[in-house]
Amino acid sequence: MRLVRAWIAAILFASAPAAAQAPPVAVAPLGEVAFANSGAEAAQAPFLRGLALLHNFEYDRAAAAFREAETADPGFAMAWWGEAMTYNHPVWMEQDKEAGEAVLVHLGATREARRARAKTPRERGYLEAVELLYGAGGKEERDRLYSERMGALFAAFPDDVDARAFYALSLLGLAHNGRDHVLYMRSAALLEEVFPSHPRHPGVVHYLIHSYDDPVHAPLGLRAARVYGAIAPDAGHALHMTSHIYLALGLWPEVEQANVRAMAVVDAQRAARGKPAGHCGHYQEWLVYARLQREEDAGPVVAACRADGLATLQAVTATGHLDPYRSLTLSWADMAVRRGMETGAWALDPPGPLPEGRYLETRFTLAYGALLAAGHDPARVRAARALLEALQRPLLEALPQERPSDMDSARRVRVVMLQSAGLEKIAAGDAAAGIAALRSAAGAEAAIPAGFGPPLIEKPSDELLGDALLRLGRFDEAAKAYETALAAAPNRRLSLRGLALARQHRPA
């Protein structure tokens, strides 16, 4: 592969002069970037701001900055490249192909016409790479071709830190089935080489965190996590990203602080646009999880999200079986189930009437909460399992399989069904069959590629298995189950408590 990449680079950039590396420019407060380019002077400030925002995954704001650069210099090819890049989100496996293509058409009607607008070999390399990203073929093929082209561009311009960073990011974007440690470590190796010389570059620091945000590799990401928030304090995503490492290490005060700061920045930006504060979503979910691990009161955050969910249900008519994209009700349901499990304060009534046959993800999550809330009551366990069984088929049929998160949602359904089977057997008095089903659930969960953030299944299967074994007096087996749970979710409160009890009661 290395020889192929070098050959491609030689063909593409044989006549390319070495790119002069401009001194880094502080794009306050978003990090430091430098990008030698052919744009007009008036386009430089918005272009660099857009570049910094792009590296910070502040995609909407980045697109606006690049459009400002386009207005200042309509012939500036890299401004159009930048806006097109904002419609591709590699780590999340999201892409708005039509929007990206539309931006490129504004630059020129054909690929040849657009290529002619790029004024240097290096700029042509960037433009040709994004052409592949939005070119022919399926997304996986386009991602591969784009990554190869970015590798060639980096080989031709090894001192271009942005080429290196975007190439590293493109490798993460090849993990279509979930975290791939080989790809992630290749990305990390590219970035580690320049981290000492570019410690305030938002892409270098940001993508290092993404490369390391699992419990095994998270210690390697601590250096980046400790500086990223200070580098880009105006980017909510940057502030939140530090908690990817902190959560993987079970550092709950740091997780809480990072997401409180991220929410404050985002809410201030929303207020500046005349929008109310948000109370549901990614940052709130991580905040609730961290507070629960510290035995702090997460109730107000969950209640505020529930109120937002009610407003959404009253204002929006959902279409399709699944929840709307970034569903507020699903965000609330996830937080409500986690809070009930940790505190015993089960409050699972939805914010309002859910449209019949829709919001299947929210319904399934609430049914799972009802299963966990049922305890050892056979009738309640049977009723919750029956509801889960009724929901699982239509939910699995409705789920797309286009992104790792889609696949994880389907895997989550299957693990929950195995858990429910085990709990039903145990409640009915068949402990042997129940434990066997819970072991199957734990194996199925362990086979899911390592994710980031709070556990995908609100009650991790190994922890649930440990609880069941503990009640049966099988203390050595319970301790091993809890230890396995803690390897996947370090410093998790309920697993730590169970492990302590198992060790306390097992024979000396």
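Are Arg 114 and Glu 131 buried or exposed? The points below take up that pair and several other features of this predicted model.

1. Arg 114 is buried, and Glu 131 is buried as well. The two form a salt bridge in which the closest N and O atoms are 2.6 Å apart. The pair links distant parts of the chain, with Arg 114 in helix α6 (residues 111–117) and Glu 131 in helix α7 (residues 121–133), 17 residues apart.

2. Another salt bridge joins the side chains of Arg 179 and Asp 214, at 3.6 Å from N to O. It too links distant parts of the chain: Arg 179 sits in the loop between α9 and α10 (181–192), and Asp 214 in the loop between α11 (202–212) and α12 (222–231), 35 residues apart. Both Arg 179 and Asp 214 are buried.

3. Arg 144 counts as partly exposed because its relative accessibility is 33%, and Glu 141 is partly exposed at 34%. An α-helix has 3.6 residues a turn, so residues three or four places apart point the same way.

4. The model has 35 salt bridges by the rule applied. Glu 256, Arg 291, Arg 294 and Glu 296 are linked in a network of them.

5. The largest nonpolar core holds 83 residues, of which Phe 47, Trp 81, Tyr 126, Val 130 and Phe 166 touch the most other members. Helix α9 (residues 161–172) supplies the largest share of this core, nine residues. Leaving aside residues up to four places away in sequence, Val 130 touches Trp 81, Ala 84, Met 85, Leu 104 and Tyr 146. A second, separate core has 59 residues, including Met 335, Leu 366, Ala 479 and Ala 481.

6. Helix α19 (residues 378–398) has 21 residues and should span 30 Å at 1.5 Å a residue; its end C-alpha atoms are 30 Å apart, so the two values agree. At the N-terminal end, Asp 377 caps the helix, with a side-chain oxygen 3.0 Å from the backbone nitrogen of Ala 379.

7. Which residues of α19 are buried? They are Val 381, Ala 384, Arg 385, Leu 388, Leu 391 and Leu 395. These buried residues pack against α18 (360–373) and α20 (404–427).

Terms used. Residues numbered from 1 in each chain as written. Predicted model: local features only at pLDDT ≥ 70, side-chain atom pairs only at ≥ 80, totals over all residues. Heavy atoms only, no water. Helix = DSSP H or I, 4+ residues; strand = E, 2+ residues; numbered from the N terminus. Expected span 1.5 Å × (residues − 1). Buried < 20%, exposed > 50% of the residue type's maximum accessible area, 1.4 Å probe, protein only. Contact = heavy atoms within 4.5 Å. Polar contact = N/O pair within 3.5 Å; in protein donor to acceptor, adjacent residues only side chain to side chain. Core = buried A, V, L, I, M, F, W, Y, C linked by side-chain atoms within 4.5 Å. Salt bridge = Lys/Arg side-chain N within 4 Å of Asp/Glu carboxyl O.
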